[in-house]
Amino acid sequence: MNKKQNITILGASGSIGQSTLDILRRYPDRFSVFALTAYSQVEKLGDLCMQFSPQYAVINGEENAEKLNKLLKSKGCDTQVLCKEDALSFVATHKDTDMVMAAIVGAAGFVSAFAAAECGKKILLANKETLVMGGELFMRAANTHHAAVLPVDSEHNAVFQTLPESVRHEMANGVFSGSLNDKIASILITASGGSFLHTPLNEFEKITPQMAVKHPKWSMGRKISVDSSTMMNKGLEVIEACRLFMLPADKIEVAIHPQSIIHGMTRYTDGSILAQLGTPDMRVPIAHCLGLPERIASGVAALDFFALDKLTFHRPDLQRFPCLRLAFDALKIGGTMPCILNAANEIAVAAFLDNQIRFTQIAQVIEKTMENMPNTTADNVADLLQIDKNARIAADEIIKKFQAA
Ligand code: NAD
Ligand code: MG
């Protein structure tokens with residue numbers, strides 16, 4: 001067998017981070033954990049360091065770092081703790097990192113994922129916000145530096161598995177030329193429809209954070225769970241798909257499929273459709289990315305076809321889910337509008353989780369932010385981050401106005 005793969009997990013304490021580590025536990029001879037990062041969960045990161053003995057652990061803030069350091073030393077663990085601003089990029093680009101799992105939530109994951117792309121690392125990309133806010137910049141950097149970008153998001157991973165072999169090969173080797181458009185008719189990503197698919201519209205006002213973070217099919221972090229309930233998640237995923245596969249928007253179909261068994265499909269011009277199916281568990285796409293080009297066990301129970309009742313599909317209702325419409329709008333407008341959409345969504349979702357705005361106001365905050373912000377272009381990371389920051393300020397102001405009204 002080849003040499004052990006060194007992996008850095010950005011966002012190790014989160015839902016994707018945990019699922020990744022769950023698979024790595026099964027393969028101590030194949031992978032070794034080089035670095036683990038978390039935002040503020042000292043104890044959790046401490047536990048993970050004890051289990052996986054990474055060379056580095058990254059946490060936010062001096063105080064957290066001191067606590068973590070003390071904890072590790074008291075247990076005889078010699079993992080080095082970092083907390084400086086560039087620590088995430090440092091571990092993501094370190095010469096001993098072979099693979100980066102980019103699983104930080106939100107725009108906070110952009111800089112370190114981008115740094116990994118510029119260093120030509122193999123990137124297992126869970127952080128869809130990276131592709132939404134700066135997908136063109138990110139993919140350009142990845143292609144220039146031959147960084148393979150492997151989609152962890154289940155729908156994109158499913159589509160990836162059903163693409164023409166030549167394209168899969170290019171993507172897996174960091175030499176994707178964007179040659180997909182003329183090889184396929186379209187791709188299709190499915191959506192469970194979230195928790196409120198059948199909730200009467202007049203009850204949307206009363207949806208609480210507690211209700212929104214409960215997903216019927218997937219177990220995920222809080223932000224993405226709310227995004228699923230507004231269907232912004234699917235909106236972000238359409239933009240993610242456009243950037244990742246370098247396809248125009250009209251080549252991407254979305255279908256509501258409440259059973260979440262088929263995750264993604266590719267339509268070919270001869271009328272054939274290839275689909276990827278599986279139990280809704282993120283360990284399936286994660287194991288697929290980790291194992292490539294081989295298949296490795298994910299620990300997920302085999303899908304029992306005879307326990308399935310039916311598989312159904314229908315069109316998303318943009319009236320019920322205005323966030324999805326806004327994402328389509330942002331994609332059509334182009335430029336920095338997807339970045340603005342993403343930033344406003346993060347601010348609105350955080351305000352909703354903090355009981356500052358109602359569920360129905362999430363879309364309103366985003367729509368108004370998109371109206372108030374000029375659409376421009378960003379040719380570099382500094383400009384992009386500035387636009388992200390401005391959009392956050394604009395969204396915050398709109399929230400304050402809502403609260404004052
Ligand atoms: P999560 O909230 O469970 O975990 C987020 C991780 O990011 C944690 O480790 C946290 O400590 C870290 N983090 C948060 N803010 C940070 C900051 N400012 N700086 C550095 N680190 C920070 O989220 P998750 O559900 O694991 O999702 C992670 C990413 O994967 C998201 O972009 C999400 O859209 C994507 N994703 C998740 C799922 C899923 O099933 N959970 C599926 C598809 C895609
Ligand atoms: Mg998804």
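Predicted model: local features only at pLDDT ≥ 70, side-chain atom pairs only at ≥ 80, totals over all residues.
**Entry 1: the shell around ligand 1**

I started with ligand 1, whose shell takes at least three residues from each of domain 1 (5-147) and domain 2 (154-322). I looked up which residues come nearest, and out of the 23 around ligand 1 they are Ser13, Ser15, Tyr39, Glu129 and Gly221. Sorted by class, I get 12 nonpolar, eight polar and three charged residues in this shell. I also checked the helices: α1 (15-24) and α6 (128-144) each give at least two residues to the shell around ligand 1.

**Entry 2: backbone atoms facing ligand 1**

For Gly221, a backbone N or O atom sits 2.9 Å from an oxygen atom of the ligand. For Gly14 I noted 3.1 Å, again from a backbone N or O atom to an oxygen atom of ligand 1. A polar backbone atom of Val105 is 3.4 Å from an oxygen atom of ligand 1. How much of ligand 1 does the protein cover? I wrote down 87% of the 820 Å² of accessible area that ligand 1 has on its own.

**Entry 3: the magnesium ion**

Then I turned to ligand 2, the magnesium ion. I found Asp153 (OD), Glu155 (OE) and Glu237 (OE) as its protein donors, 2.1 to 2.2 Å away from the ion. Along the chain, the donors of the magnesium ion are spaced as D-x1-E-x81-E. Asp153 is in the loop between β7 (149-151) and α7 (154-161), while Glu237 is in helix α11 (residues 232-245), so this pair ties together parts 84 residues apart in sequence. Are Asp153 and Glu237 buried or exposed? I have both down as buried.

**Entry 4: His215**

I looked up His215 and found it in the loop between α9 (209-212) and α10 (222-230). Its relative accessible area is 14%, which means His215 counts as buried, the cut-off being under 20%. What does the side chain of His215 contact? I found a polar contact with the side chain of Ser192, at 3.2 Å.

**Entry 5: Leu324**

Last stop was Leu324, which lies in helix α13 (residues 322-333). Leu324 has 0% relative accessibility, so I logged it as buried. I also checked Leu324 against Ala363: they are 39 residues apart in sequence, and their C-alpha atoms are 9.2 Å apart in space.

Conventions:
Residues numbered from 1 in each chain as written. Chains lettered and ligands numbered in written order. Heavy atoms only, no water. Donors = N, O, S within 2.8 Å, 3.2 Å for Na, K, Ca; no water. Helix = DSSP H or I, 4+ residues; strand = E, 2+ residues; numbered from the N terminus. Buried < 20%, exposed > 50% of the residue type's maximum accessible area, 1.4 Å probe, protein only. Near = heavy atom within 4 Å. Polar contact = N/O pair within 3.5 Å; in protein donor to acceptor, adjacent residues only side chain to side chain. Areas by Shrake-Rupley, 256 points an atom, 1.4 Å probe, with all protein chains shown as cover. Nonpolar A, V, L, I, M, F, W, Y, C, P; charged D, E, K, R; others polar. Domains from an automatic or database assignment.
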